Amino acid sequence: MPELEPSVLPVTVTASHLRACAAELENSDTAGLGELTAVIHDVVAAQRHLSGGLAALAGRMALGQAAALAAVPSAELTALTEILQAAASAFGYSADALTESEPVARFLADFAGADTRL
């Protein structure tokens, strides 16, 4: 069977899907305490990817300053690049903080029972 080529979605579609998934997570009614560690783990991974994605966008903006974006006012381009870098750092810091909560969430699930509804 031939291997399928990886699918690459446009970034606008990917971002829209991310927004929809985040809204579902925000609006979920209940979760089991045992699910909490999995949710934290997945959110941490997502934040690390978002951090990397925003850092990559900032890098492309900086590289574009001498090429495709040469006509863009330098102060605005620099400001957007710095904002993207700061957002990338914030996602990274948030992921670090959530990582610290994983052992506590596991302990609580073990103590109260993984099926305990939140």
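Let me start at the end of the chain, with L118, which lies in the segment after helix 3, where helices (H or I, at least four residues) and strands (E, at least two) are DSSP runs numbered from the N terminus. At 52% relative accessibility, L118 counts as exposed, and the terms here are buried for under 20% relative accessible area, exposed for over 50%, and partly exposed in between, with a 1.4 Å probe and protein chains only. Leaving aside neighbours within four places in sequence, L118 is in contact with D29, T30, A31, G32 and L33, contact meaning heavy atoms within 4.5 Å. L118 and G34 are 84 residues apart in sequence, yet their C-alpha atoms are 9.9 Å apart in space.

Before I go on, please keep in mind that this is a predicted model, in which local features need pLDDT of at least 70 and side-chain atom pairs count only at pLDDT 80 or more, while totals for chains, interfaces and linings use all residues. Residues are numbered from 1 along each chain as its sequence is written, and side-chain values use heavy atoms, with hydrogens and water left out.

Now the overall picture. The protein has 3 helices and 0 strands, and reading along the sequence gives the pattern α-α-α. The radius of gyration is 19 Å, well over the 13 Å that the globule rule gives for 118 residues, so the protein is more spread out than a compact globule; that radius is taken over C-alpha atoms, and the rule is 2.2 Å times the number of residues to the power 0.38. Along the principal axes, the C-alpha atoms fill a box of roughly 60 × 45 × 25 Å.

How much of the protein is buried? Buried residues make up 17% of the 118 residues. The protein exposes about 8600 Å², of which carbon and sulfur atoms supply 66%, with areas from the Shrake-Rupley method and a 1.4 Å probe, and, for residues, only the protein chains shown counting as cover. Of the contacts with a separation of 6 or more, 79% are between residues 24 or more positions apart.

As for charge, there are 5 positive and 14 negative side chains, and the centres of the two sets lie 1 Å apart. Lys and Arg count as positive and Asp and Glu as negative, with His and the chain ends not counted, and each charge is placed at NZ of Lys, CZ of Arg, CG of Asp or CD of Glu.

T81 counts as buried, because its relative accessibility is 9%. Beyond its neighbours within four places in sequence, T81 is in contact with A58, M61 and A62, and its C-alpha atom is separated by 8.8 Å from that of R60, 21 residues apart along the chain.

S94 is also found in helix 3, and S94 is partly exposed, with a relative accessible area of 28%. The C-alpha atoms of S94 and V104, 10 residues apart along the chain, are separated by 16 Å.

E102 lies in helix 3 too, and, at 12% relative accessibility, E102 counts as buried. Which residues does E102 touch, not counting those up to four places away in sequence? They are T37, I40 and H41. Between E102 and I40, which are 62 residues apart along the chain, the C-alpha separation is 6.8 Å.

Finally, the rings. The structure holds 1 aromatic pair, formed by F107 and F111, which are stacked at 5.9 Å centre to centre with 20° between the planes. Here rings of Phe, Tyr and Trp (its six-membered ring) pair if their centres lie within 6.5 Å, and planes under 30 degrees apart count as stacked, over 60 as edge-to-face and the rest as tilted. F107 and F111 both lie in helix 3 (residues 74–112), 4 residues apart, about one turn of the helix, and both are exposed.
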